[in-house]
Amino acid sequence: MYTLRDVEIAYSYYAKSPFYSLFSNILLSKLRKKAIKKLDLKSNYDVLDIACGTGINFRPIEKIIGKNGDITAIDYSKDMLEKAKRLIRRNQYKNIKLIQADAAKISLPKNHFDAVISTLGFSSIPNHKAALRIAINSLKPGKKLVILDGRQFDLKPLNIFLPILRWNRSWDRGKDLIKDIKQLFPKKEIYLEHYSLGSNFILELKK
Ligand SMILES: C[S@@+](CC[C@H](N)C(=O)[O-])C[C@H]1O[C@@H](n2cnc3c(N)ncnc32)[C@H](O)[C@@H]1O
């Protein structure tokens, strides 16, 4: 079973690896941009970034929301958050709040955020269903949750390459996020796009 202990070990290792950010940035930079665009951000928006990691989404979000907006960013890994802290210091952002917590247990204000994003987050969160419920609960009605995440390739034989692309300990490749989201929120508008031979997707959900 994939647990918080796996998360701790995998992301403590990744946080110290000089290649992690570079690799994840290069491979997914276009999809990240697309995902952030789909949030329909405006200046002053209050944004929640779930499983923010090293804070890779902060710069593009800050560019749009500006000084009067806010980012609340949650991650379980202390080591990933250390890197996020450094990024915040370097850029002198005053409007980003980092929270070290399990996204499946955190208490967040109801109907509060103007946008919620998670990039490669929910596939790494052991109790992703609880985290999804919390995320939706914290989103204002009419606003969007956008998820960029990974899944198995449509063409099954290609899945032997998955452990090279993403360490098994850093995500739960067996979960079917899309199915779970549709089951959890059957009445919500959901839009879905697949990329990278089906191994990545962007899902938009309007509350
Ligand atoms: C693949 S990284 C993605 C980081 C970042 N969002 C990105 O796009 O690069 C997955 C992140 O999920 C975090 N994570 C895993 N389980 C978590 C949980 N239960 N609560 C909060 N964060 C969690 C990990 O610590 C890690 O930083």
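## Order of the elements

Read from the N terminus, the elements of this protein follow the order α-α-β-α-β-α-β-β-α-β-α-α-β-β. That makes 7 helices and 7 strands in the protein. Please keep in mind as you read on that this is a predicted model.

How compact is the protein for its length? Its radius of gyration is 16 Å, close to the 17 Å that the globule rule gives for 207 residues, so the protein is as compact as a globular protein of that length. Along the principal axes, the C-alpha atoms fill a box of roughly 50 × 40 × 30 Å.

The space that the ligand takes is the largest pocket. Two elements, α1 (4-16) and α2 (18-38), each give two or more residues to the shell around the ligand.

In total, 23 residues surround the ligand, and the closest are Arg 32, Ala 51, Asp 75, Asp 102 and Thr 119. Sorted by class, this shell holds 14 nonpolar, 5 polar and 4 charged residues.

## Polar contacts with the ligand

Which atoms of the protein pair with the ligand here? Asp 75, one of the closest residues, places a polar side-chain atom 2.6 Å from an oxygen atom of the ligand. Ala 51 is also among the closest, and a polar backbone atom of Ala 51 is 2.7 Å from a nitrogen atom of the ligand.

How much of the ligand does the protein bury? Taken alone, the ligand exposes 590 Å², and the protein buries 99% of that area.

## Two leucines with positive phi

The backbone has a couple of spots worth a look. Most residues other than glycine have a negative phi. Leu 120, which is not a glycine, has a positive phi of about 55°. Leu 120 belongs to the loop between β4 (113-119) and α5 (128-138).

Leu 197 likewise has a positive phi, near 55°, in a residue other than glycine. Where is Leu 197 found? Leu 197 lies in the loop that runs between β6 (189-195) and β7 (200-206).

Note on methods:
Residues numbered from 1 in each chain as written. Predicted model: local features only at pLDDT ≥ 70, side-chain atom pairs only at ≥ 80, totals over all residues. Heavy atoms only, no water. Near = heavy atom within 4 Å. Polar contact = N/O pair within 3.5 Å; in protein donor to acceptor, adjacent residues only side chain to side chain. Areas by Shrake-Rupley, 256 points an atom, 1.4 Å probe, with all protein chains shown as cover. 1 Å grid on protein atoms, 1.4 Å probe; cavity = no way out; pocket = protein on both sides within 12 Å on 5 of 7 lines; lining within 4 Å. Sits in = over half its atoms within 2 Å of the grid points. Helix = DSSP H or I, 4+ residues; strand = E, 2+ residues; numbered from the N terminus. Nonpolar A, V, L, I, M, F, W, Y, C, P; charged D, E, K, R; others polar. Rg over C-alpha atoms; globule rule 2.2 N^0.38 Å.
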